Amino acid sequence: MLGSWQVLRCKSQVFRNLSTTSLKCGSGPKVAVVGGGAAGFYATQQIAKARPDSVIDIFEKLPVPFGLVRFGVAPDHQDVKKCISTFNKVAELPNVNYIGNSTLGKDFSFVDLKRCYDSVLLTYGTDEDRKLGIPGEDLRNVMGARDLVSVYNGLPGYETFPVDLDTDTVVIIGVGNVSIDVARLLLSPVDQLRKFDVTEAWLEKRLTSKVKRVVLVGRRGPLHVSFTIKELREMTKLENTRPILHKEQYLPIQDMLAKLERPRKRLIELLVNTALKEPDAKTAERYNNAKQSWELQLLRSPVEALPGPDGKSVAKLRLAVNIPKGDSVEQTDQIEEIETGLVLRSIGYKSIQADPDIKFDSKKGIVPNEDGRVSPGVYTAGWLGTGPRGVIIDTMNNAFKVAGNVIEDLKGMQEGKPGREGMPHLPGHTTWQDWKKIEQVEEEAGKPKGKLREKLWTVESMLNAIKS
Ligand code: NAP
């Protein structure tokens, strides 16, 4: 069933395990997957199934796996993280190795990978957020939504990241699902967030937060919002919070609803109804009693962030009023100002060139590819190849398609390259069993607090948990 594959301790012990578990070796094709997120695991699943004689090594820079599923998906959306049960099964397949705490471009190179593996699949995702390019963007308290996400989700490197919630109004630029996630995490009752795996640092910030109003700014009109209906519905139901939608932005689109295709139609209908329809008595009472609000301010483009009296921290955001022109907009000279102490860019993520030898389109922030093929034997899947769009199911479909190409190109190959046995020594790399120890420590730490888990935040604490 498993072909020529076998579990054995690798001939030369080039990898020093923190645990004593053997790595899995074999003589068939060797596949390196760089990035232990959704794209990496889904692609591995397909390749491992189609080629049981192959050995697939998943390289991940952190000791902990799952990329954006752990560090991006909102902690109160645990249902989205159910894919982890599939990833667990993939990691335990007899021809799959997880090699954590190992960074491409630092601990090993792209040239090493190409020399040692028959197929190299890059799936290391998006590490940066896009910038607006407006004056004042460098002011204190103007930051990426991604920074906030990293603070509430416990991404290593963000343990002491300064997020100041000592402001009445937060402005989020962009009207996608990340904006909605961040707005929800800023406004949801702390007691409801507490049971998930939100960091204690975020819960503490929320307890002293002065934020009462979150304004989401979209450059186009209501027909072009990027968030989805489930996320919008959640916002309309948020406890102690009322939505503010500006009627004049919805009146002109009422008649267009009939022409829209589902599911877009349902989303826009919900927006229009929330903006224009009188809520039922119960909802009206809830909105009237609400102490907080979230506001959708559309047809506005940020043009400048202005400092307060200290000259360093943001105090105002200037917005230009836009008028719709088909699917686009035209910016007018009309300027509005919002007083705010925190401005978050949420206009999309972008990838980085992890190694200078990787082909990279720095304008688009992706590895250029055709259906995942980059060059002979080199592939990319997930947001590194497609750009930052779609939900996990889209990433899965993309990863399956690219994996299909890897499998196709490996056809007929019996004897593979050396795989990790030819790779440089990776001191301090971690294994799947090491991650399982970390997971156990996190779950134990969460129990007394009634939390799903208390995430270990630093790489050092993760490595200590493995040793313990
Ligand atoms: P997104 O959906 O692409 O939204 C980006 C927003 O930024 C859009 O409103 C876009 O407006 C705006 N924007 C882009 N450039 C801008 C600029 N220069 N100035 C002003 N506005 C600008 O991206 P995202 O919210 O980062 O989400 C990424 C993907 O992850 C999406 O597919 C999303 O659905 C998914 N996701 C899903 C969930 C969930 O399922 N709950 C949660 C988080 C993320 P234009 O449309 O005008 O360009």
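1. Basis of the values. The structure is a predicted model, in which local features need pLDDT of at least 70 and side-chain atom pairs count only at pLDDT 80 or more, while totals for chains, interfaces and linings use all residues. Residues are numbered from 1 along each chain as its sequence is written, and side-chain values use heavy atoms, with hydrogens and water left out.

2. Domain layout. Domain 1 comprises 30-127 + 350-467, and domain 2 comprises 131-347; such bounds come from an automatic or database domain assignment. The C-alpha centres of domain 1 and domain 2 are 32 Å apart.

3. Extent of the interface. Contact (heavy atoms within 4.5 Å) involves 25 residues of domain 1 and 28 residues of domain 2. The two domains bury about 2,200 Å² between them, with 54% of it on carbon and sulfur atoms; buried area is the accessible area (1.4 Å probe) that two parts lose on being put together, summed over both. P75, D76 and W457 provide 35% of the area that domain 1 buries against domain 2, more than any other three residues.

4. On the side of domain 1 that touches domain 2, the elements giving two or more residues are α2 (67-71) and α15 (459-467); helices (H or I, at least four residues) and strands (E, at least two) are DSSP runs, numbered from the N terminus.

5. Salt bridges. A salt bridge requires a side-chain nitrogen of Lys or Arg within 4 Å of a carboxyl oxygen of Asp or Glu. The structure holds 29 of these salt bridges, and four salt bridges cross the interface of domain 1 and domain 2. R184 pairs with D76 (2.8 Å, N to O) and also with D181 (3.2 Å, N to O). D181 and R184 both belong to helix α6 (residues 177-187), three residues apart, about one turn of the helix.

6. F66 and its aromatic partner. F66 is not a glycine, yet has a positive phi of about 90°. The ring centres of F41 and F66 are 5.8 Å apart and their planes stand at 50°, so the pair is tilted. Rings of Phe, Tyr and Trp (its six-membered ring) pair if their centres lie within 6.5 Å; planes under 30 degrees apart count as stacked, over 60 as edge-to-face and the rest as tilted. Because F41 lies in helix α1 (residues 38-50) and F66 in the loop between β4 (55-59) and α2, the pair ties together parts that are 25 residues apart in sequence.

7. Cis peptide bond. R262 and P263 are joined by a cis peptide bond, with omega about 5°. P263 is located in the loop between β11 (241-245) and α10 (264-276).
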